[in-house]
Amino acid sequence: MLRYLIRRLGQALLVVAGVVVLTFVIMRLVPGDPAVAFTGPKATPEELAAAHRRFGLDDPIPVQLLDYVRDLLSGDWGISLHTKQPVRDDLYLAFPASLELVGTALVIAVVVGIPVGVLAARFKTKFPDIGVRLGSVLAVSVPVFWLALALQLVFASTLDWFPIAGEYDGELDTTSPLTLWTNITIVDALITGNWPIFTSTLHHLVLPALVVAAYPTGVIAQMTRAALIEEGGQDHTRLERALGFGETSILTRFALRPALNPVLSLIALVFAYSLVNGFLVEAIFNWPGLGRYAADSIRSLDTPAIAGVTLLVAVMYVLANLVVDILQGFVDPRTRAR
């Protein structure tokens with residue numbers, strides 16, 4: 001297991017190194033002068049020269065790359081051209097809200113998708129299976145912006161069950177100010193016992209989390225169903241049937257654990273997809289996460305901020321895959337030999 005962990009960690013570090021180099025190359029290929037964007041269109045030649053020296057834009061490309069890597073390792077992710085703040089600080093404020101939204105959506109997707117996939121496999125080709133397949137195809141196919149607007153129209157505007165936008169009721173900042181520990185609002189509210197903000201955040205979280213959860217729920221349900229059906233044709237399941245075990249018992253007690261391997265790999269993929277897909281959901285629901293920060297950065301051609309968002313999403317994807325690889329090593333020892 002230790003050799004397996006070291007091998008997977010080495011592969012993850014290689015991927016991150018490749019992403020760092022690719023991000024640097026993209027930053028240098030984007031049209032425009034970062035110094036002009038930082039100083040403004042009315043900057044004097046002296047101010048432009050000072051900005052060039054500050055960002056090292058006059059140095060040779062290999063020197064710029066080495067400086068970029070050294071700065072990343074030291075925690076310096078550059079200065080945002082539109083907020084004039086360190087990109088690391090901006091991401092520290094924006095990322096927790098996105099993680100809150102995507103994390104809640106993935107919990108919904110796993111809690112709903114796996115049992116629904118088991119149900120479909122148990123009643124293969126029968127009415128429950130047909131319903132699950134149709135529902136999963138619909139969840140995967142529906143455009144996220146359409147689903148977000150439809151839920152807002154029905155459950156926020158018409159029925160008035162949920163708020164239409166925001167992370168929590170802004171008036172609570174005055175009546176029940178929140179003490180920050182992790183910058184994840186719902187976690188901080190739970191830690192500090194701030195129940196007004198906790199309940200308000202849960203209330204605001206329902207609709208955007210359901211929208212983000214739609215795609216991963218459908219994909220996880222389909223993958224669970226396919227993996228269980230494939231596992232049902234293996235020799236060990238035939239033996240279990242011969243020993244008198246029922247189909248439900250075979251699926252849940254014997255087939256589900258090995259069938260979870262491809263599902264775990266899929267969760268890592270849909271995590272990164274949901275994180276990026278959530279940018280549009282954040283814009284529709286006015287959720288204060290990476291989506292708003294990335295949109296502002298793109299509009300202002302803020303290359304350090306865009307690179308920071310890209311690098312953060314890539315690192316989170318690599319970490320998610322690494323966690324899944326470790327879980328697979330514990331769930332199925334056969335994966336350690338790969």
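Start in helix 6, residues 127–141, where Arg 133 and Asp 129 are four residues apart, which means that about one helical turn separates them. Helices here are DSSP runs of H or I with at least four residues, strands are runs of E with at least two, and both are numbered from the N terminus. Before going on, a note on the source: this is a predicted model, in which local features need pLDDT of at least 70 and side-chain atom pairs count only at pLDDT 80 or more, while totals for chains, interfaces and linings use all residues. Residues are numbered from 1 along each chain as its sequence is written, and side-chain values use heavy atoms, with hydrogens and water left out.

Back to the pair. The side chains of Arg 133 and Asp 129 form a salt bridge, at 3.5 Å from N to O. The term stands for a side-chain nitrogen of Lys or Arg within 4 Å of a carboxyl oxygen of Asp or Glu. Is Asp 129 buried or exposed? Asp 129 is buried, at 0% relative accessibility, whereas Arg 133 is partly exposed at 36%. Buried means under 20% relative accessible area, exposed means over 50%, and partly exposed is in between, using a 1.4 Å probe and protein chains only.

Asp 129 also forms a salt bridge with Arg 225, with the closest N and O atoms 2.6 Å apart. This pair links distant parts of the chain, since Arg 225 sits in helix 10 (residues 195–231), 96 residues from Asp 129 in helix 6. Both Asp 129 and Arg 225 are buried. Together, Asp 129, Arg 133 and Arg 225 are linked in a network of salt bridges.

How many salt bridges are there in the whole structure? The search finds three. One of them joins the side chains of Arg 88 and Asp 89, at 3.8 Å from N to O. Arg 88 is partly exposed at 46% relative accessibility, and Asp 89 is partly exposed at 33%.

Now the overall picture. The protein has 14 helices and zero strands. Of its 338 residues, 43% are buried.

Next, the surface. Phe 145, Trp 146, Leu 149 and Leu 280 make a nonpolar patch of about 420 Å². Patches are made of residues with over 30% relative accessible area and no salt bridge; like charges are joined within 9 Å, and nonpolar side chains (Val, Leu, Ile, Met, Phe, Trp, Tyr) within 5 Å. The areas come from the Shrake-Rupley method with a 1.4 Å probe, and for residues only the protein chains shown count as cover. Helix 7, residues 144–158, gives the most to this patch, with three residues. Trp 146 lies in helix 7 and is exposed, at 51% relative accessibility.

Last, the second largest pocket, with about 330 Å³ of space. On a 1 Å grid over the protein atoms alone, a pocket is an open set of points where a 1.4 Å probe fits, with protein on both sides within 12 Å along at least five of seven lines; lining residues have an atom within 4 Å of a point. Grid points are joined across faces, edges and corners, and the volume is the space filled by probe spheres set on the points. The lining has 18 residues, with Leu 93, Ala 94, Ala 97, Glu 167 and Pro 288 nearest the centre. Helix 5 gives the largest share of this lining, five residues.
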